[in-house]
Amino acid sequence: MNQTPLHEWHRAARAKMVEFAGWEMPLSYSGVLDEHRAVRAAAGLFDISHMGRIAVEGAGAEALLQRLVTRNLASMADGSARYALVCRKSGGVLDDVVVYRRAAGQFFVVVNASNRQKIVQWFQHHAATDSAAQVWDLSDAVAMIAVQGPLALGLLERAGAASVTAMKRWHLAPATVAGVELLLATTGYTGEPGAELFLPSDRAPAVWETLLTAGKAQGVKPVGLGARDTLRLEMGYSLYGHEIDETITPLEAGLEWAVDLDRHEFIGREALRAQRGAGLARRLAAFMLPDRAVPRQGYRLFHADEPAGVVTSGNLSPMLERGIGLGFLPPAIGEIGAAVAVEIRQKRHPATIVSLPFYQGGHA
């Protein structure tokens with residue numbers, strides 16, 4: 001299995017390690033609930049170096065990315081970031097990504113670990129016809145650490161990133177943290193303020209140690225994949241392989257806000273336009289249970305005693321202490337306030353369709 005630059009630290013900290021997308025990653029250190037609550041109350045550090053980082057550069061870089069992602073990038077300012085989807089011609093999602101514009105002709109794109117090779121090859125295939133754009137994989141040379149929580153930006157400021165508290169969300173800038181020059185982006189996956197750090201792989205352990213030591217008295221903790229998942233679910237954020245994949249379109253997943261259908265040409269646009277015109281047969285909906293019953297991926301959803309859909313993500317919300325989940329339903333059934341049921345261990349539990357995010361107390 002692949003290992004991140006922080007692998008030895010995780011082992012020394014006695015993290016519970018699991019296989020994820022071909023990587024050996026920490027699931028938890030002090031426990032999922034403890035780590036989740038630390039991020040909501042203070043801050044947490046996440047090793048996300050398993051994710052892919054792709055450079056796209058050259059005079060044709062913007063034009064290439066315009067064809068490959070669902071957002072119109074022409075309006076991006078230097079030092080900004082934008083969430084987008086990469087689609088097949090059919091409209092199915094190859095991956096959800098974040099595009100960062102460093103300067104004219106200088107972009108990099110963060111992709112999911114499970115899709116790294118697929119997206120690198122997809123980008124390189126389309127770049128092959130355009131000598132004005134070059135694509136290469138930076139993932140091995142560049143580590144990635146997320147610092148998330150209401151105290152995250154203050155922690156980074158004390159560690160040397162002097163201007164981070166003044167940065168707007170979804171922006172990118174050079175910074176120095178713990179004496180290491182790096183790129184700092186005010187993006188994240190938790191619903192809390194924070195940043196993601198892009199730094200040389202060999203400097204990751206020192207920066208990680210410095211931040212944890214500096215924040216320990218305030219309750220800052222290392223956080224594994226378990227709490228990363230419960231945090232994103234409380235916000236209703238999609239996870240590739242659950243709410244989106246090559247058989248699901250962005251419109252079905254409720255991500256039309258990340259698709260500029262009428263503003264630029266991209267692969268999959270015509271299929272998505274046709275789907276919009278015909279109407280959706282299914283759409284992602286969020287539901288909440290009145291108690292601590294826990295829905296899981298694959299559990300069946302019912303409406304009026306008839307099967308209506310399947311749970312794509314579900315868990316117990318650590319902050320709400322109620323079962324929450326996402327799943328695809330016919331649009332008429334998935335309207336806010338509608339009553340559904342989740343089959344958990346052969347028993348149907350009542351649930352209500354709700355708006356997102358589930359957790360309204362985030363500080364971001």
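## The end of α7

Just past helix α7 (residues 225-235), Gly236 takes a positive phi of about 75°. Helices here are DSSP runs of H or I with at least four residues, strands are E runs of at least two, and both are numbered from the N terminus. Keep in mind that this is a predicted model, where local features need pLDDT of at least 70, side-chain atom pairs count only at pLDDT 80 or more, and totals for chains, interfaces and linings use all residues. Residues are numbered from 1 along each chain as its sequence is written, and side-chain values use heavy atoms, leaving out hydrogens and water.

## How enclosed is α7?

Helix α7 is largely enclosed by the rest of the structure, because 10 of its 11 residues are buried. Buried means under 20% relative accessible area, with a 1.4 Å probe and protein chains only. Among them are Arg228, Arg232 and Glu234.

## α7 against α2

The axes of α7 and helix α2 (residues 32-41) come within 8 Å and cross at roughly 55°. Axes are lines fitted to C-alpha atoms over the stretch in contact, with angles from 0 to 180 degrees between N-to-C directions.

On the α2 side, Val32, Glu35, His36, Val39 and Arg40 meet Gly226, Ala227, Thr230, Leu231, Glu234 and Met235 of α7. Contact means heavy atoms within 4.5 Å.

Val223 sits in strand β13 (residues 221-223) and counts as buried at 3% relative accessibility. Beyond its neighbours within four places in sequence, its contacts include Glu35, Val39 and Arg228.

Technical notes
Buried < 20%, exposed > 50% of the residue type's maximum accessible area, 1.4 Å probe, protein only.
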